[in-house]
Amino acid sequence: MSKRDYYEVLGVTKNANSKEIKQAYRKLAVKYHPDRNEGNKEAEEKFKEAAEAYEVLSNPEKKSRYDQFGHQGMSGSRGFGGFSNMSDIFEQHGDIFGDIFGSAFGRQSSSRRRHKGSDLRIRIKLTLKEIHEGVTKKIKIRRLCPHPETKYGTCTHCNGTGTITKIANTILGQMQTSSVCPYCQGTGKIITNRASGADAQGMVQKEELTEITIPAGVSEGMQLKIREKGNYAPFEGVPGDLLIVISEENHPELIREGKNLHYDLYISMPNAILGCQVEIPTITGKAKITIQNGVQSGKILRLKSKGITDIETRTKGDLLVHINIWTPEKINKEQKDFFTQQIGAKEFKPQPKNQKSFFEKVKEMFN
């Protein structure tokens, strides 16, 4: 079953501002909140769907990527909206739930923070063929993980709440303030046994083999995210994300422009006059094309659907073959005599009035 459009899920237009997006999400959060629909699987799914839509549309960077690439641009996330479970939703949007229901009804909107590990970023080089077809790769990553012998216990300074509460007497009466516990950094946990070789937070580096799937149609500089494949967080927190930055290898003969490809084909003057069949490279191998007799230098042949797969529409671009007639710099006496005899001949006189201008060719190429 395909995902619904995020704007449709929240019931807003693409021009909706951040305030309108938040209001729409709050309305759905009230309607489908699990505490108001206990045991209702349909309501739970709609709650997750709304959270996923809000997670993307409330973030300017993610919203821009979604507007450009659709759901394909969000690939790399696991679970609903990239959330591992329901607790993740309450943790991420606790302020909204707290505003609507109060901290108790908002569940995870308490002061105790759930730490997230740092992200890892790697760059992967892809060939045009891999970009066109999509590819699954196995890569090695080194990330911080808790040492198996590291033991954690409840912070005695905040009793596991993650906050320190202080009461001060003022002229207005007693004022209560809460701040993050400086001993456990708001996690409510402390190390009770640090293993040998572990760092101050009980972590060690481990090498892991990870399989990543890259969708067809990605481009240079595009960034994909795989949730929870970054560094683990200490004190039983949430792992960070693995960010995959796409780097595109140059093809020896083809040049990419969006989903279209360009190829410069050089043919001899006799072949241009008489016509010929030539073999040209494509993204998946070779192709034979026929050059009509009398072809002019600068003509562009379009090979439909021989370009790159579009990441959003899944349609294929075209391969544009640019004809270039090669003129020899040196010829022998017999050849020179032949062309000398043709000077002034009607067949060899330029007839530009029958040819399209450069600007007309460019306009035609992109239509």
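Which residue of β13 stands opposite Pro-281? Lys-286 does. This briefing covers a predicted model. The protein chain averages a pLDDT of 83, and 83% of the residues score at least 70.

**The hairpin of β12 and β13**
- Strand β12 covers residues 276-282, and strand β13 covers residues 285-291.
- The two strands form a hairpin, with two residues between them.
- They run antiparallel, and seven bridges join them.
- Five of the seven residues of β12 are buried, so the rest of the structure largely encloses this strand.

**The three-strand sheet**
- Another part of the model is an open sheet of three strands, in the order β1-β9-β8, with mixed pairing.
- β1 and β9 run parallel, joined by seven bridges.
- Across this pairing, Ile-124 stands opposite Ile-246 in β9.

**Ser-247 in β9**
- Ser-247 lies in strand β9, which covers residues 242-248.
- Is Ser-247 buried or exposed? Its relative accessibility is 8%, so Ser-247 counts as buried, the cut-off being under 20%.
- Leaving out residues up to four places away in sequence, Ser-247 touches Arg-123, Ile-124, Lys-125, Leu-126 and Glu-220.

**The loop between β8 and β9**
- Val-238 sits in the loop between β8 and β9, and Gly-240 has its place in that loop too.
- Val-238 counts as buried, at 9% relative accessibility.
- Gly-240 is buried as well, with a relative accessible area of 0%.
- Val-238 and Lys-116 are 122 residues apart in sequence, yet their C-alpha atoms are 4.5 Å apart in space.
- Gly-240 and Gly-117 are 123 residues apart along the chain, and 4.3 Å separates their C-alpha atoms.
- Which residues does Gly-240 contact, leaving aside neighbours within four places in sequence? Among them are Lys-116, Gly-117, Ser-118 and Asp-119. The list also includes Arg-227, Glu-228, Lys-229, Gly-230 and Asn-231.

**Helix α3**
- Helix α3 has 17 residues, 41-57.
- At 1.5 Å a residue, the helix should span 24 Å.
- At the start of α3, a side-chain oxygen of Asn-40 reaches to within 3.1 Å of the backbone nitrogen of Glu-42.
- The buried residues of α3 include Ala-43, Phe-47, Lys-48, Ala-50 and Ala-51. Glu-52, Ala-53, Tyr-54, Glu-55, Val-56 and Leu-57 are buried too.
- An α-helix has 3.6 residues a turn, so residues three or four places apart point the same way.

- Over residues 76-81 the pLDDT stays under 50. The model has 16 contacts beyond four places in sequence for these residues.
- Over residues 97-112 the pLDDT is also below 50. This stretch has 40 contacts in the model beyond near neighbours in sequence.

Note on methods: Residues are numbered from 1 along each chain as its sequence is written. This is a predicted model: local features need pLDDT of at least 70, side-chain atom pairs count only at pLDDT 80 or more; totals for chains, interfaces and linings use all residues. Side-chain values use heavy atoms; hydrogens and water are left out. Helices (H or I, at least four residues) and strands (E, at least two) are DSSP runs, numbered from the N terminus. Buried means under 20% relative accessible area, exposed over 50%, partly exposed in between (1.4 Å probe, protein chains only). Contact means heavy atoms within 4.5 Å. The expected span of a helix is 1.5 Å times one less than its number of residues. A polar contact is a pair of N or O atoms within 3.5 Å; within protein, one must be able to donate a hydrogen and the other to accept it, and residues adjacent in sequence count only if both atoms are side-chain atoms. Two strands pair if DSSP finds at least two bridges between them. pLDDT is the predictor's confidence in each residue, from 0 to 100.
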